[in-house]
Amino acid sequence: MRFRSLRALTLAFLLAFLVATIGTGFAIHTATQQTIERLVDRRIQAVSEEVAGAFADRSPEELVRRINAATRQRDTGDIGLLLLDADGRRLGGNIVLPRRLPIGVSTVALKDRIAGLSAGRALVRDVGHGMTLATIAETEPFDDYNAARARIYLIGFGSIVLIVVGGMIFFVVTIGRRIGETRRTVDAIIDGDMARRVPIDRSGGEFAQQAMAFNRMLDRISDLMASISNVSNDIAHDLRTPLARLRSQLALTLRRAETDAQRAGLETAIAMSDDLLEMFAAMLRIAEVEGGDRRAAFAALDLAALADEIATMMQPVVADSGRTLVLDTAAPAGIVGDRQLLGQMLVNLIENAVRHTPVGTQMTIEVGATAAMAILVVTDTGPGIPADQRKLALRRFGRLDASRHDGGQGLGLALVEAITRLHRGTILLEDAAPGLRVVVTLPIR
């Protein structure tokens, strides 16, 4: 059996402890009772043999005399003795039995209505001439002994159980709080708050050391990520300026071009410069989204209404490309997010489908909702993406071999994935048979 949570592990431990405690208490009670019964059996056996005497001395009168003598002795005065004849008539003794006990050793209880006895053991033996001698002794040293012993067990073992349960509750609460602090820190970092750290207990101890080690690791990761991000951002920022100047110079030169060949070459160079500028803008856009700062602008919105707005805006563009766009929305899907980024995500998905599908392709946008998630599905009837290349398609510059001759920088789906992750959602690329189905799942507000 695998314990997949702290609660399950704690419950399993408590269950095992309770079973062991109850089992130990029952074993002690049983062993004690059996020991008492063995000692009482030995005692009544000895008294019975002493009263019965030799076979030749077992006349009714002699047996009665011995019974009376035994009841007057200090050591045997608490023993119950009863002599019955063959017809069950009482010949002597110091007790009266409402029922005839079987031959041998048996147990008597309060229901037998023996005066002064609540529980005990009885030995009945044949003493000849049809007579039987019953010897009875209590197994409780005082009245309600078993009830008192049960209370002692309950109080003793109950206090142990309460202490252990209290300790386990304290343990679970303490560990759970520490785990919760770590989990909240991890969630904050996933959301882009790289400055978040695990609180450190001032009292010190193992938890404080663990938190400090975890925070040092986060500091190191943050420094490395900042270095990488700074390098890429610096490159993007630094190259955008000379590229913009280059484009301006090319545009100026285009106006002075004297031949058609010169103009064609310059127009191609300008288009390539525009692609580079667009690529750097997309890189900076992804870095901005992945930084998590945009989450401060989150607001409540309806994903279905946003999809309808974007689809209405993009339908003329899709139609001009020789493709069709159909919107199929269900009930409203309320979420919390950045309206501008989510609109950009929808536009990128539509443009990606237009860029990588043949003329005549139909695209469909569907919006639905479950109890916990809003689901956006963009489907096309194009060639699709092979299953082994779908992860590559979501990576930056993850352009597939079949699409390298198409326009674009391989950043469209990467930006979609970054926006989805910013909104704590997931994105899946699936086979639409034929075509590609992009499924974006976002949490309901």
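Partly exposed describes a residue whose relative accessible area lies between the buried range, under 20%, and the exposed range, over 50%. The legends below refer to a predicted model.

**View A. The salt bridge between Arg263 and Asp260.** The closest N and O atoms of Arg263 and Asp260 are 2.3 Å apart. Both residues belong to helix 5 (residues 260-290), where a spacing of three residues places them about one turn of the helix apart. Arg263 has a relative accessible area of 29%, so Arg263 is partly exposed. Asp260 is exposed, because its relative accessibility is 58% and the exposed class begins over 50%.

**View B. Glu62, Arg65 and Arg66 in one network.** Salt bridges with shared partners link Glu62, Arg65 and Arg66. One of the pairs is Arg66 with Glu62, whose side chains meet at 2.9 Å, N to O. Arg66 and Glu62 are four residues apart in helix 2 (residues 60-72), so about one helical turn separates them. Arg66 counts as buried because its relative accessibility is 16%, and the buried class covers values under 20%.

**View C. The salt bridge between Arg89 and Asp87.** In this pair, the closest N and O atoms are 3.2 Å apart. Asp87 has a relative accessible area of 57% and is therefore exposed.

**View D. Salt bridges in the model as a whole.** The count of salt bridges comes to 13. Among them are the pairs Arg263 with Asp260, Arg66 with Glu62 and Arg89 with Asp87. Side chains of opposite charge can pair when their charged atoms come close.

Technical notes:
Residues are numbered from 1 along each chain as its sequence is written. This is a predicted model: local features need pLDDT of at least 70, side-chain atom pairs count only at pLDDT 80 or more; totals for chains, interfaces and linings use all residues. Side-chain values use heavy atoms; hydrogens and water are left out. A salt bridge is a side-chain nitrogen of Lys or Arg within 4 Å of a carboxyl oxygen of Asp or Glu. Helices (H or I, at least four residues) and strands (E, at least two) are DSSP runs, numbered from the N terminus. Buried means under 20% relative accessible area, exposed over 50%, partly exposed in between (1.4 Å probe, protein chains only).
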